[in-house]
Amino acid sequence: MKTRTVLFVDDEIQILNVLKRLLRVEPYQAFFAESGQEALSILEKETIHVIVTDLGMPKMDGLTLLKQVQERYPDIIRLVISARDDRDSILNAINKGNVYGYIVKPWNNMELRLILRQAIDHFNLQQERRDLLKKLEEHNRLLEKRVEDRTKQLLAIEKQAEIGKHASHIVHNLNSPLHAIRGGLDLAHLELSDENPDLKEAVNYLHMIQSSTSDLEKIIAGILTHLRDKTLFKTEQIDINEIIKRELEFFKLNPIYKHQIEKKIDLSDNLPGIQGNPIHIKQIIDNLLKNAIDAMEHSQEKRLAVETCLEDKAVLIRISDTGEGIAEEDLPKIYSPHFTTKPIGKGTGLGLASVKAMVDAYSGDIQVESKKGKGTTLIVRIPIERPIFQD
Ligand SMILES: Nc1ncnc2c1ncn2[C@@H]1O[C@H](COP(=O)(O)OP(=O)(O)OP(=O)(O)O)[C@@H](O)[C@H]1O
Ligand SMILES: [Mg+2]
């Protein structure tokens with residue numbers, strides 16, 4: 001089976017007949033047309049790989065035909081067969097880059113066969129090249145798709161890792177309002193089971209439960225927003241004193257705090273509001289107060305001092321206790337995640353690590369002064385004018 005085809009176009013029928021005889025045994029199928037029009041109609045029906053045309057023909061000349069072939073069938077290899085006196089036209093055709101080669105009449109049979117076989121080889125090479133390009137394009141498309149899929153996977157993994165990195169802080173911060181809710185529920189239950197329940201007190205506990213529940217919601221919402229985009233975390237004008245008062249109120253649920261600890265609260269009247277998220281400030285204060293109260297559990301003297309003041313365009317929060325204090329060698333470790341001297345189940349060691357992370361987010365700082373057996377003071381400084389989450 002001859003898979004390749006050559007179309008000869010010449011208005012001289014004798015020439016076509018000679019070609020017909022001459023090329024019968026060649027490894028391609030030959031088609032013959034006596035005019036440009038006939039050639040075009042053959043091209044419509046047959047798949048032609050090489051076209052060889054005479055130049056001077058009535059109606060449609062060879063160059064016009066080749067131009068149309070080039071436009072409609074760009075893959076076809078084009079050749080000219082023409083008499084020597086057509087030299088200028090042949091040169092013209094070649095210069096325009098429109099033809100692969102030319103055959104001069106009268107031709108040498110050997111040369112004619114050779115150039116036609118070369119044209120077929122040329123077509124085969126072009127075809128191979130096109131196939132390779134197609135495969136390459138397909139390959140590229142697959143590769144791009146793979147890169148895209150992989151990138152998506154990596155981004156998802158990164159996001160998970162980011163969440164994982166914060167998970168311990170998150171759990172820790174969720175724990176305190178949760179404990180408060182449980183404590184509030186127990187106390188409300190206790191109060192209401194009494195023969196003469198103090199309804200006012202019970203309502204207070206319900207308020208605490210309500211506010212801690214909304215804290216939980218806010219923390220969860222905040223974390224989600226924070227993970228997606230730090231700048232989306234909602235901020236508002238915060239009255240730090242107000243938050244401290246509420247938190248202290250809340251610690252009354254702790255009987256040691258309520259009945260044994262002597263409290264000295266000194267909140268500055270001229271404290272400016274700061275821009276931020278109240279949940280952060282609450283968590284900072286809550287963690288520091290909890291540590292101070294825990295530290296005094298077994299100490300003789302139980303005195304807690306909470307103080308706020310304005311200093312150098314920053315709000316200072318100072319929380320002092322007369323608790324067990326921190327050993328000098330432990331001082332550099334207290335902000336490390338998981339450092340705790342508390343028994344298993346009591347402390348996670350994440351409190352101060354998360355306080356430090358939050359204070360950092362406000363471009364603030366935290367200092368500690370402590371003496372073993374004497375007590376501890378923690379001072380948090382939050383600048384009034386600073387964008388939150390400035391890196
Ligand atoms: N006011 C304080 N007095 C004495 N030691 C303190 C005080 N604050 C912190 N520490 C020491 O620093 C350690 C780390 O505190 P941090 O708040 O990070 O964790 P924790 O209190 O042990 O656990 P959690 O906060 O989860 O309850 C504490 O275990 C304790 O040894
Ligand atoms: Mg703590």
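Which residue in strand 12 is the bridge partner of L316? Before I answer, let me say that this is a predicted model, in which local features need pLDDT of at least 70 and side-chain atom pairs count only at pLDDT 80 or more, while totals for chains, interfaces and linings use all residues. Residues are numbered from 1 along each chain as its sequence is written, chains are lettered from A and ligands numbered from 1 in the order in which they are written, and side-chain values use heavy atoms, with hydrogens and water left out.

The partner of L316 is R381, and eight bridges join strand 10 to strand 12, the two running antiparallel. Strands here are DSSP runs of E with at least two residues, and helices are runs of H or I with at least four, numbered from the N terminus; two strands pair if DSSP finds at least two bridges between them.

Strand 10 is also joined by eight bridges to strand 9, residues 303–311, again antiparallel, and there A305 has S320 as its bridge partner. In the hairpin of these strands, which has two residues between them, D312 takes a positive phi near 50 degrees.

Seven of the eight residues of strand 10 are buried, so the strand is largely enclosed by the rest of the structure, where buried means under 20% relative accessible area with a 1.4 Å probe, protein chains only.

Finally, by class, the lining of the largest pocket has 19 nonpolar, 17 polar and twelve charged residues, with Ala, Val, Leu, Ile, Met, Phe, Trp, Tyr, Cys and Pro counted as nonpolar, Asp, Glu, Lys and Arg as charged, and the others, Gly among them, as polar.

Methods. Buried < 20%, exposed > 50% of the residue type's maximum accessible area, 1.4 Å probe, protein only.
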